[in-house]
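Morning, everyone. Please have it up on your screens.

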Amino acid sequence: MYEGPVQDLIDELGRLPGVGPKSAQRIAFHLLAAEPADIGRLQDALQKVKEGVVFCDVCGNVSAETTCRICRDTRRDVTLICVVEEPKDVLAVERTREFKGRYHVLGGALDPLSGVGPDQLRIRQLLQRIGNQVDGKDVAEIIIATDPNTEGEATATYLVRMLRDFPGLTVTRLASGLPMGGDLEFADELTLGRAMSGRRVV
Amino acid sequence: MYVRHLQVSDFRSWERADLAFEPGVSVLVGPNGQGKTNLVEALGYVATLGSHRVATDLPLIRHGSPRAVVRTAVVNDGRELLVELEITAGKANRARVNRGPVPRPRDVLGILRTVLFAPEDLALVRGDPGERRRFLDDMLVARAPRYAGVRSDYERVLKQRGALLKTAGAARRAGRSGDISTLDVWDGHLAKHGAELLAARLDLVADIAPHVAASYAEVAPESRPARIGYRSSLGESQPEGFGRPDGPRADREALEAAMLTELHRVRPQEIDRGVCLVGPHRDELELALGELPAKGYASHGESWSFALALRLGGYELLRGDGAEPVLVLDDVFAELDRGRRRQLAKVAAAAEQVLITAAVAEDVPEELDGARFEVRHGEVHSA
């Protein structure tokens, strides 16, 4: 145990995800030795992340303005919405450069253990979005891209139930199975089992 | 298959131990508390990545050491594989096969298959239903590792649904309606994973039942016939015939539908009590001798024989699947009478490899003549 502010800093850093006690200690002593200007920049960045970042009115992604860059982009297809759990999932799908529609960030998944139900997620906003036309066009397809784990699958099932009543709306779910560029022999049983049961006729 | 070599470092009481085995019988003899069981426990750990004695890994590491290492050479169909496991407290274990690291420790599952019979197994007959469910699930994983995933998926959904029921129940008692709009979703997932687990267990019981009955008749010929059967929490909704040797194979979709029906029926009670009342987590593997349940009616000797018959039944079943497992008999001869010892010796003598621990050499029937190891004062000597 160190004394005073240094230990406080280590404790705070140790609370961050992915940072263990050893890393926290290392970062703390790095900061202790850093130039005041560097510390100032870090301080500013931390300050701004709470004050400056807003969530997009339309999709719920992190944004610098009231509407995010993707939702402002008129070249993107407004009839296509990809539903994800977290803002970092938007980034993951964006990296594919395959998807030209828009997003909807739920802000998590159904997780009764953590007290997260449908009201804590941005599901109501999604239903409103589907009900309203954008530029005179209806939403045609919802791609559900929640995580393929217990909570994500439950959220997907719930969304499918809620979206059934919209006439003419196509609802799809991301496929799950083998990673590209991998060898069959290195796939674990669960993934390979899923890929087997989700096989398709070619 | 057989274990050719076992080496442990900082495992349980052992700073270091080194044993070379041959196919056939090997007996570890030594007074109590010298670490015989620890050695076979190490082999069990390689086979299942778990201990038959404790639920966590910490007690496996020798007091004061950062990690334990188990290294074993297994010969299967003439091919030898070297498995190394490093068990570290509070961290992920590391595994190597033939000196090459494998991405996940569970990739070593299936290289060594053991059937271990130990004094703790009396709980299979006298203990809670959970012990018998674990017996079935461990067998499922031994036959097809995929079921480890099915089981953990089911447990996860069960936990989530349980949390939802609890909050809904609390809300109802407080006079509010509570949010159960997502309960249908969780019901669907519970039924899907639950039916998969249930179907696998029913088929397993159908497959293993004749082996258990035959093993019991061999071990305890003068006793009443032993029967096992699966009682699910589905009650009247369960389709007839599944889980019996002469019945049809379990139909997953029919079971899923039955589970949904039953979940719907008991929903008010579930919300009242805040617990999940339907699913494989409430099922029971029923053991009967003649017309009476084994639990509460079987004598001490009969309970022992039944536990042994379950293990031997599992052994026969795995043997039928191919790749004969290594039979491990940990300190069990002292608990059996002369006749039962003889019968067990007959089964064991026919195994490709059997490892036996005993406090006194006289407990081991002379039919089981083979290599002897003296275990004493933290050392192993070949006798």
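Let me start with the lining of the second largest pocket: by class, it has four nonpolar, ten polar and nine charged residues. Before I go on, please keep in mind that this is a predicted model.

That second largest pocket holds about 630 Å³ of space. Its lining runs to 23 residues. Which of them lie nearest the centre? From chain A, look at A:Arg194 and A:Ser197; from chain B, at B:Lys192, B:His193 and B:Glu196. Now the elements. On chain A, helix H7 (150-163) and helix H8 (189-197) each give two or more residues to this lining. H4(B) supplies the largest share, six residues.

Next, the largest pocket. Its volume is about 1,300 Å³. Here 41 residues make up the lining. Nearest the centre you will find B:Thr48, B:Gly50, B:Ser51, B:Arg134 and B:Asp138. By class, count 19 nonpolar, nine polar and 13 charged residues in this lining.

Which elements of chain B supply at least two lining residues each? There are helices H1 (36-48), H2 (123-126), H3 (129-143), H4 (146-173) and H8 (300-320), and there is strand E8 (114-117). H3(B) gives the largest share, eight residues.

In domain 1 of chain B, eleven residues are in contact with 19 residues of domain 2 of chain B. Together the two domains bury about 1,300 Å² between them, with 59% of it on carbon and sulfur atoms. Three residues stand out on the domain 1 side: B:Arg113, B:Arg340 and B:Val347. They supply 47% of the area that domain 1 of chain B buries against domain 2 of chain B, more than any other three residues.

How many salt bridges cross that domain interface? The rule finds one. B:Arg340 also has a salt bridge of its own to show you, with B:Glu222, at 3.8 Å from N to O.

Now the interface between the chains. Interface size is often given as the accessible area lost when the parts come together. Between chain A and chain B, the buried area is about 1,700 Å². Carbon and sulfur atoms give 61% of that. On the contact count, 17 residues of chain A meet 19 residues of chain B.

Charge pairs next. Side chains of opposite charge can pair when their charged atoms come close. Between chain A and chain B, the count is two salt bridges. Please find B:Arg156 and A:Glu151: their side chains meet in a salt bridge, 2.7 Å from N to O.

Over all chains, a search of the whole structure finds 41 salt bridges. One more pair, this time within chain A. A:Glu153 forms a salt bridge with A:Arg173, and the closest N and O atoms are 3.3 Å apart. What does that pair tie together? A:Glu153 lies in helix H7 of chain A and A:Arg173 in strand E6 (residues 170-173) of chain A, so the pair links parts that are 20 residues apart in sequence.

That is my tour. Over to you.

Technical notes: Residues numbered from 1 in each chain as written. Chains lettered and ligands numbered in written order. Predicted model: local features only at pLDDT ≥ 70, side-chain atom pairs only at ≥ 80, totals over all residues. Heavy atoms only, no water. 1 Å grid on protein atoms, 1.4 Å probe; cavity = no way out; pocket = protein on both sides within 12 Å on 5 of 7 lines; lining within 4 Å. Points joined across faces, edges and corners; volume = space filled by probe spheres on them. Helix = DSSP H or I, 4+ residues; strand = E, 2+ residues; numbered from the N terminus. Nonpolar A, V, L, I, M, F, W, Y, C, P; charged D, E, K, R; others polar. Contact = heavy atoms within 4.5 Å. Buried area = accessible area lost by both parts, 1.4 Å probe. Salt bridge = Lys/Arg side-chain N within 4 Å of Asp/Glu carboxyl O.
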